[in-house]
Amino acid sequence: MKNFGKGDRSVLKSFHMIATHDTSSYWSDPMFQEAKEYSPDIVVFQFGADDTKFPEPFSAHYQMDYGSLAQAFMNLPSKPRVIIMTPPRSEERRVGKEC
């Protein structure tokens, strides 16, 4: 088991992102290639929290890019089982405040 997650990464492909935000695309992170080279049996994704910073591309491309990312792993020779977790609920009144 190995964690290939990285904070401040979006499931959106970089050309779907708004350049003014600090979040980077997981697609262009070296971790993405390392995760595929690991030849996993099971892959668990949880994207969404950082993607909400991009309301327009999020709604237009989120499902397509997320599906493409899952497919990139499902097409590996190891044929891993892919599990997609939904992001935790974000409550506007708590954003930026301690819980």
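The points below go from the basis of the values to the overall fold, the charged pairs, the helices and the surface.

1. Basis of the values. This is a predicted model, in which local features need pLDDT of at least 70 and side-chain atom pairs count only at pLDDT 80 or more, whereas totals for chains, interfaces and linings use all residues. Residues are numbered from 1 along each chain as its sequence is written, and side-chain values use heavy atoms, with hydrogens and water left out.

2. Overall fold. The protein chain has two helices and four strands, and from the N terminus its elements follow the order β-β-α-β-α-β; helices (H or I, at least four residues) and strands (E, at least two) are DSSP runs, numbered from the N terminus. Of the 99 residues in the chain, 31% count as buried, where buried means under 20% relative accessible area, exposed means over 50%, and partly exposed lies in between (1.4 Å probe, protein chains only). Among contacts (heavy atoms within 4.5 Å) between residues at least 6 apart in sequence, 66% join residues at least 24 apart.

3. Salt bridges. The structure contains two salt bridges, each defined as a side-chain nitrogen of Lys or Arg within 4 Å of a carboxyl oxygen of Asp or Glu. In one, K6 pairs with D29, with the closest N and O atoms 3.2 Å apart; this pair links distant parts of the chain, since K6 belongs to the segment before β1 (9-10) and D29 to the loop between β2 (24-25) and α1, 23 residues apart. The side chains of D29 and R9 also form a salt bridge, at 2.7 Å from N to O, and here R9 in strand β1 and D29 in the loop between β2 and α1 are 20 residues apart.

4. Setting of the charged residues. K6, R9 and D29 are joined in a network of salt bridges. Which of these residues are buried, and which partly exposed? D29 is buried, because its relative accessible area is 7%, and R9 counts as buried because its relative accessibility is 17%, whereas K6 is partly exposed, with a relative accessible area of 40%.

5. Helix α1. D29 also caps the N-terminal end of α1, where a side-chain oxygen lies 2.8 Å from the backbone nitrogen of M31. The buried residues of α1 (residues 30-37) are M31, F32 and A35; they lie on the same side of the helix because they cover an arc of only 105° around its axis, the arc being that of the directions from the helix axis to the C-beta atoms. On the other side of α1, P30 and E37 are exposed. After the helix comes S39, whose phi is positive, near 55°.

6. Helix α2. M64 is located in helix α2 (residues 55-74) and counts as partly exposed, because its relative accessibility is 49%. M64 and V11 are 53 residues apart in sequence, while their C-alpha atoms are 9.7 Å apart in space.

7. Surface. The protein chain exposes about 6900 Å², of which carbon and sulfur atoms supply 52%; accessible areas come from the Shrake-Rupley method with a 1.4 Å probe, and for residues only the protein chains shown count as cover. I42, V44 and M85 make a nonpolar surface patch of about 270 Å². Patches are made of residues with over 30% relative accessible area and no salt bridge, like charges being joined within 9 Å and nonpolar side chains (Val, Leu, Ile, Met, Phe, Trp, Tyr) within 5 Å. V44 lies in strand β3 (residues 42-46) and is partly exposed, at 48% relative accessibility.

Conventions: A polar contact is a pair of N or O atoms within 3.5 Å; within protein, one must be able to donate a hydrogen and the other to accept it, and residues adjacent in sequence count only if both atoms are side-chain atoms.
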